[in-house]
Amino acid sequence: MADEQKECIFCQIVEGKIPAIKIYEDERSLAFADINPLADGHTLVIPKTHTETLWEITPGDLAAVHQACQKVARGMKEALKAPGITVIQLNGAAANQVVMHYHVHLVPRDRGKDKLKVLEWEAKPGNMRTIEKLAKKITEAI
Ligand code: 5GP
Ligand code: ZN
């Protein structure tokens, strides 16, 4: 096992070396409660295999994790009567990813009752020429 995996907190949760409050698991994915919840019920969903980011995860793990997210989200809707669920997924230290094992945050929300600062940005129109130029550049790289 690579050193980065041995030191990875979420790999250790998968292996049962660190305790976690498990919410759901299947062959490829695991959902557990975040210990610093942004709101009641905040859950993390991860692949059981170590992968860091969206551009590295295998298609099979990506599908499994996001199908698990849907199951957990349906459970949250029913159990917590959450009117909304915010999905957050960070990739790379530059995007504020702290735990370098791919994970999806599912945060039950009720906009009237709680605020998530990260989601409150001012909508400022962009330069359409720049928007088009960058979109074309991305398309060409796919
Ligand atoms: P990131 O910024 O990488 O998307 O978020 C990592 C998340 O993992 C944070 O919300 C943090 O609270 C959570 N976290 C970090 N360490 C642990 C842990 O040992 N157990 C659990 N359950 N969550 C953790
Ligand atoms: Zn890991």
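**Exercise 1. Which of the 16 residues around ligand 1 come nearest?**

This is a predicted model, in which local features need pLDDT of at least 70, side-chain atom pairs count only at pLDDT 80 or more, and totals for chains, interfaces and linings use all residues. Residues are numbered from 1 along each chain as its sequence is written, chains are lettered from A and ligands numbered from 1 in the order in which they are written, and side-chain values use heavy atoms, with hydrogens and water left out.

Step 1. Take as near each residue that has a heavy atom within 4 Å of the molecule. Around ligand 1 there are 16 residues, of which Asp 34, Asn 36, Val 98, His 103 and His 105 come nearest.

Step 2. Sort the shell into classes, where Ala, Val, Leu, Ile, Met, Phe, Trp, Tyr, Cys and Pro are nonpolar, Asp, Glu, Lys and Arg are charged, and the others, Gly among them, are polar. The shell then holds 10 nonpolar residues, five polar ones and one charged one.

**Exercise 2. Find the distances from oxygen atoms of ligand 1 to N or O atoms of Val 99 and His 103.**

Step 1. Begin with the backbone, where an N or O atom of Val 99 is 2.9 Å from an oxygen atom of ligand 1.

Step 2. Turn to the side chain of His 103, which has an N or O atom 2.6 Å from an oxygen atom of the ligand.

**Exercise 3. Describe the helices and strands of the chain, and their part in the shell.**

Step 1. Read helices (H or I, at least four residues) and strands (E, at least two) as DSSP runs, numbered from the N terminus. The chain has four helices and five strands, and along the sequence they follow the pattern α-α-β-β-β-α-β-β-α.

Step 2. Helix H2 (9–14) and strand S2 (29–33) each give the shell around ligand 1 at least two residues, and the largest share, three residues, comes from H2.

Key
A polar contact is a pair of N or O atoms within 3.5 Å; within protein, one must be able to donate a hydrogen and the other to accept it, and residues adjacent in sequence count only if both atoms are side-chain atoms.
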